[in-house]
Amino acid sequence: MVSSQFTSDVGLGKVAVAAFGIGFVMAAHLCLLFWVILVNDASWIYYNAFLQWAVYMVCLTFFHFSEFISTAAFKPGYVSYESFLLNHSDAYQIALFTSWAEYWVEAYFFPSAKFIQFFMWIGLGLIVMGQLFRVGAMWTAKSNFSHRIEIAKRKDHQLITHGLYKYIRHPSYFGWFYWSVGSQVFLCNPLCTIAYTAASWSFFKDRIPYEEEILLDFFPEEYPQYKARTISGVPFL
Ligand SMILES: C[S@@+](CC[C@H](N)C(=O)[O-])C[C@H]1O[C@@H](n2cnc3c(N)ncnc32)[C@H](O)[C@@H]1O
């Protein structure tokens, strides 16, 4: 009999399947990207669409991989299938599928209106910046960072106020906000650009005050001063 320690309790089977899936999807889209670049035939009507899509999928799979690897690096005792953030919420999965649907419907019916390099460069810039802030925050806060907001103070929980946290209280939310909006700008998805901006902003509007209330309780001396000298990072919050 296989001990549950190696199966369901820590979700190792799901971790293996998710890791394989993410690796496979990333590899497939890297191959697609190289193939499209090699073919280099812009006269083919869907050439641009596959190029754009392949870059997006590589960024998306890298994002989920980086969430897991950063958790594994600093919180090995907590790492699980959830650390990929693939099952973040139903709303997140609906958002993903909606943006894919918008992309392919528009790419099919209006291929020439889809590949707007000006927006793609802005979107890619936001994705790269968002990714750097997201990973940078996790690697700065180390074990103090957790995907779920901790409601009970651990003895070793320290308030991080250096590095990316010096001027921005929520650098990982800043990163994720701009990553998600940037992904839709990159795909030239007008509807999802608006929807993602509104949904991400609304998500952080509820989450940030809740998280800060708990941090104030954890660090009653330090947090008010820290809050007074920093910005949240998410616009208008
Ligand atoms: C998903 S992380 C997000 C961290 C932070 N809001 C950010 O955007 O980088 C949430 C956890 O980080 C912790 N946390 C948030 N800010 C922190 C800080 N400056 N120092 C230590 N822990 C922090 C919270 O207690 C919570 O359990």
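The model is predicted: local features need pLDDT of at least 70, side-chain atom pairs count only at pLDDT 80 or more, and totals for chains, interfaces and linings use all residues. Residues are numbered from 1 along each chain as its sequence is written.

Helices here are DSSP runs (H or I, at least four residues), numbered from the N terminus.

Which residues of H4 are buried? They are Met120, Gly123, Leu126, Ile127, Gly130, Phe133, Arg134, Ala137, Met138 and Ala141. Buried means that 20 or more other C-beta atoms, placed from the backbone, lie within 10 Å of the residue's own; exposed means 12 or fewer, and partly exposed is in between. An α-helix has 3.6 residues a turn, so residues three or four places apart point the same way. The cover over the buried residues of H4 includes helix H2 (47–74) and helix H5 (171–186).

Now look at H2 beside H4. Their axes come within 10 Å and cross at roughly 5°. Axes are lines fitted to C-alpha atoms over the stretch in contact, and angles run from 0 to 180 degrees between N-to-C directions. H2 and H4 are therefore roughly parallel (angles under 35 degrees). Gln52, Cys59, Phe63, Ser66 and Ser70 in H2 meet Met120, Ile127, Gln131, Val135, Met138 and Trp139 in H4. Contact means C-beta atoms within 7 Å. By class, this contact has seven nonpolar, four polar and no charged residues.

The UniProt record, an unreviewed entry, places "transmembrane region" at residues 12–38, 44–65, 118–139 and 176–199. Such annotations may be inferred rather than shown by experiment. In the model, residues 12–38 are 100% helix, with end C-alpha atoms 38 Å apart. Residues 118–139 are also 100% helix, and their end C-alpha atoms are 32 Å apart.

Finally, turn to two loops. Asn40 sits between helix H1 (12–39) and H2. Its phi is positive, near 45°. Is Asn40 buried or exposed? Asn40 counts as exposed, because it has 9 C-beta neighbours inside 10 Å. Leu85 lies in the loop between H2 and helix H3 (90–109). Phi of Leu85 is positive too, near 65°. With 16 other C-beta atoms within 10 Å, Leu85 is partly exposed.

How values were computed. Contact = placed C-beta atoms within 7 Å. Parallel < 35°, antiparallel > 145°, perpendicular 65-115°, else oblique. Nonpolar A, V, L, I, M, F, W, Y, C, P; charged D, E, K, R; others polar.
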